[in-house]
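This report is for a reader who is new to the structure shown below.

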Amino acid sequence: MSAVTGLSFRDSGKLGLLLLISPLLLWLSLFILLPHVDLVMISLRERVAAREYAFSWSNYTAFFTEPLYWRTFMRTAVMSILATALTLLIAFPVAFYIAKMVRGRFKALLFVLCLIPFWVSELVRTYGWMILLRETGIFSGLLQWLGWVDQPVEMLYNDVAIMVGLVYTSMLFMVVPLVTTLEGLDDSLIEAAYDLGGSHFRVIWDVVIPHAMPGIVSGCIVVFMLTLGNYLTPTLLGGKDSLWFTEQIYTQFITRFNWEQGSAFGMLLLILSSFIVWAGLKLSRQSFTRVMT
Amino acid sequence: MIPSIPSSRYFRGIYATYVVLFFVYLILPLAVVAVFSFNDSLFPSLPWNGGTLDWFLGESEPRLGIFHDDELLGSIGVSFWVALGVTLLSLSLATCNAFLFERHDFAGKGFLYMLMLTPLVIPGVILGVSILIFSSSIANGLEDNYGLEIEWLRPGLPLVILGQFAFITTIATLVISARLRRFDHSLEEAALNLGASRLAVVRTITLPYLRPAIIGAGIVTFLMSFENFNTTLMLVGSDAPLTIAMFDRLREGSTPVLNAVSVLLMVGSAILGLISLFVQKPRDE
């Protein structure tokens with residue numbers, strides 16, 4: 001194979017390679033690498049006079065000395081981990097159902113049905129949850145109609161509402177990789193495990209989950225990343241006290257125009273998300289390239 | 001567990017119910033948004049006052065429908081042009097990337113491939129601010145040293161397009177690469193043997209083969225750009241794309257005109273989604 005293709009495109013010359021690689025390098029350096037280098041540089045400086053800056057760690061020390069900042073940071077991290085775990089728990093049985101329990105057209109239909117909500121903007125989905133949860137909303141109205149409560153209940157603007165919205169928004173990114181990996185699991189392996197006397201729990205734990213690991217890891221990484229970086233859902237469903245770290249970044253950059261502090265916050269969030277991605281890959285012994293593609 | 005393993009009816013019933021509930025949960029928020037766009041009330045909430053088409057067709061305040069709401073219509077236009085720009089840029093670069101990674105071997109390929117994937121794990125807000133400060137640094141540098149005032153390096157639509165392009169390209173690259181990987185090389189070789197030039201081969205054989213993937217990637221790119229919020233929020237200037245305009249209205253509290261916009265968005269996305277499913281349905285494999 002390689003000998004034959006060697007005749008055609010594999011060695012279409014140094015020029016072809018150069019022509020193809022330069023746009024890639026330009027894109028990566030101008031839009032990904034240099035902006036982040038700049039982010040680091042700005043986060044490490046301090047304004048000493050008008051338009052004059054000096055090297056300083058002060059933006060990072062401010063983060064550790066101001067409890068609001070690091071508490072918001074930790075809260076965002078913990079809630080993102082929780083949201084990821086919940087998404088996995090809710091999505092796994094559904095993914096298994098689609099991958100193994102149904103066949104043919106019905107299976108394709110269920111799979112597409114999972115995708116549909118995510119063709120629609122996150123803003124619209126969050127808006128839907130606002131209509132459901134608000135004081136004059138559907139759930140409140142339903143509870144009153146059932147006679148379980150006698151006055152409107154406000155279900156918006158609390159942590160549970162944020163969590164519901166985050167899990168909802170993340171669902172697709174968990175279901176799709178899970179279905180894809182679970183489909184690759186041969187039914188006969190599950191049958192063999194039962195024939196050998198495995199209980200439901202043992203079969204799931206020793207056969208199904210190890211097989212689905214690449215899907216679990218890639219789903220969790222993407223969901224965690226999206227949750228951590230989410231701005232819309234916490235702001236709209238959590239209201240003023242949602243305390244999400246991306247809001248701190250937004251406030252520093254846009255409201256207070258303190259780009260130095262905002263850059264430091266951005267770096268901290270980036271370090272946290274990279275660390276979690278790295279830890280997830282290490283724990284599950286997966287490679288970044290394989291998980292992401 | 002699986003159909004070939006006997007399990008109690010009780011278990012199967014519970015399992016099926018769970019899956020049904022899951023789908024109800026998926027559809028519920030979208031359904032209420034759609035239903036309340038027809039509610040004859042100034043607020044998108046209960047009580048239900050009967051149906052109306054005012055939120056689509058209403059001509060004056062306070063019942064200004066989407067088809068007469070110039071601000072929202074304008075923002076739809078802005079989003080459209082931004083998405084078109086992002087789509088064209090991303091598809092061009094993604095096609096190059098796909099050829100590069102699928103057809104060439106070179107030193108550092110694995111590393112570059114990994115780098116190409118990193119935008120997937122950079123939170124959108126951070127990508128937005130890093131591009132914001134980098135472009136401002138360049139603009140400030142040019143202004144201080146050469147007295148050049150370059151408007152498009154300041155927050156505004158060109159920067160929004162570039163910011164979205166920065167990460168959407170990765171997704172387009174993955175879609176197009178996946179199809180190029182399955183390409184049968186003998187078709188190209190036959191054409192080469194018959195005396196076609198390399199460029200002619202790419203144009204008449206490889207690109208037509210890639211067309212479904214390019215169209216599919218184009219639709220995904222367009223939608224991702226149209227619906228992007230995080231990166232756009234950081235780079236937006238005075239012209240607001242639809243998501244930003246809707247977000248501002250949502251925070252102020254708005255009439256059900258937002259539900260009407262949402263319905264239009266759903267219909268638009270559904271049509272594009274169906275087209276992409278149809279186009280990518282493999283007829284030749």
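By class, the lining of the largest cavity consists of five nonpolar and six polar residues, with no charged residue. The model is predicted.

**The cavity**

The residues that line the largest cavity are B:Ser79, B:Val82, B:Ala83, B:Val160, B:Gln164, B:Ser225, B:Phe226, B:Asn228, B:Thr232, B:Pro241 and B:Thr243. Its volume is about 40 Å³, and the count of cavities of 30 Å³ or more comes to one. Rolling a probe the size of a water molecule over the atoms shows where empty space is left.

Which helices of chain B each supply at least two residues of this lining? They are α3 (70–103), α6 (157–181) and α8 (198–227). Helix α3(B) gives the most to the lining of the largest cavity, with three residues.

**The second largest pocket**

The second largest pocket has a volume of about 840 Å³. It is lined by 35 residues, and those closest to its centre are A:Arg45, A:Phe257, A:Trp259, B:Ser136 and B:Asn140. By class, the lining of this pocket divides into 17 nonpolar, eight polar and 10 charged residues.

Both chains take part in the lining of the second largest pocket. From chain A, the elements that each supply at least two residues are α2 (13–43), β1 (45–49), α3 (58–65), α12 and α13. From chain B, they are α5 (124–146), α9 (230–235) and α10 (242–252). Helix α5(B) gives the most to the lining of this pocket, with seven residues.

Most residues other than glycine have a negative phi. A:Phe257, one of the residues closest to the centre of the second largest pocket, has a positive phi of about 55° although it is not a glycine. A:Phe257 sits in the loop between α12 (245–255) and α13 (259–284) of chain A. Is A:Phe257 buried or exposed? With a relative accessible area of 58%, A:Phe257 is exposed, because the cut-off for exposed is over 50%.

A:Tyr157 also has a positive phi, near 65°, and is a residue other than glycine. The place of A:Tyr157 is the loop between α7 (138–146) and α8 (159–183) of chain A. A:Tyr157 counts as partly exposed, at 45% relative accessibility.

**Salt bridges**

How many salt bridges does the structure hold over all chains? There are eight.

| Residue | Partner | Distance |
|---|---|---|
| A:Lys107 | A:Glu183 | 3.3 Å |
| B:Arg103 | B:Glu188 | 3.2 Å |
| B:Glu143 | B:Arg154 | 3.0 Å |

In chain A, the side chains of A:Lys107 and A:Glu183 meet in a salt bridge. A:Lys107 lies in helix α5 (residues 104–115) and A:Glu183 in helix α8, so the pair ties together parts that are 76 residues apart in sequence. A:Lys107 is buried, with a relative accessible area of 17%, whereas A:Glu183 is partly exposed at 42%.

In chain B, the side chains of B:Arg103 and B:Glu188 meet in a salt bridge. B:Arg103 belongs to helix α3 and B:Glu188 to helix α7 (residues 185–193), so this pair ties together parts that are 85 residues apart in sequence. Are these two residues, B:Arg103 and B:Glu188, buried or exposed? B:Arg103 is buried, with a relative accessible area of 3%, and B:Glu188 is buried as well, with 0%.

B:Glu143 forms a salt bridge with B:Arg154. This pair links distant parts of the chain, 11 residues apart, with B:Glu143 in helix α5 of chain B and B:Arg154 in the loop between α5 and α6 of chain B. B:Glu143 is partly exposed, at 32% relative accessibility, and B:Arg154 counts as buried at 19%, because buried means under 20% relative accessible area.

**A nonpolar patch**

On the surface, B:Val35, B:Phe38, B:Trp48, B:Leu53, B:Leu57, B:Phe67 and B:Leu264 form a nonpolar patch. Together these residues have about 630 Å² of accessible area. B:Leu57, one of the residues of the patch, lies in helix α2 (residues 54–57) of chain B. The relative accessible area of B:Leu57 is 47%, and B:Leu57 is partly exposed.

How values were computed: Residues are numbered from 1 along each chain as its sequence is written. Chains are lettered from A and ligands numbered from 1 in the order in which they are written. This is a predicted model: local features need pLDDT of at least 70, side-chain atom pairs count only at pLDDT 80 or more; totals for chains, interfaces and linings use all residues. Side-chain values use heavy atoms; hydrogens and water are left out. Patches are made of residues with over 30% relative accessible area and no salt bridge: like charges are joined within 9 Å, nonpolar side chains (Val, Leu, Ile, Met, Phe, Trp, Tyr) within 5 Å. Accessible areas come from the Shrake-Rupley method with a 1.4 Å probe; for residues, only the protein chains shown count as cover. A salt bridge is a side-chain nitrogen of Lys or Arg within 4 Å of a carboxyl oxygen of Asp or Glu. Helices (H or I, at least four residues) and strands (E, at least two) are DSSP runs, numbered from the N terminus. Buried means under 20% relative accessible area, exposed over 50%, partly exposed in between (1.4 Å probe, protein chains only). On a 1 Å grid over the protein atoms alone, a cavity is a set of points where a 1.4 Å probe fits but cannot get out, and a pocket is an open set with protein on both sides within 12 Å along at least five of seven lines; lining residues have an atom within 4 Å of a point. Grid points are joined across faces, edges and corners, and a volume is the space filled by probe spheres set on the points. Ala, Val, Leu, Ile, Met, Phe, Trp, Tyr, Cys and Pro count as nonpolar, Asp, Glu, Lys and Arg as charged, and the others, Gly among them, as polar.
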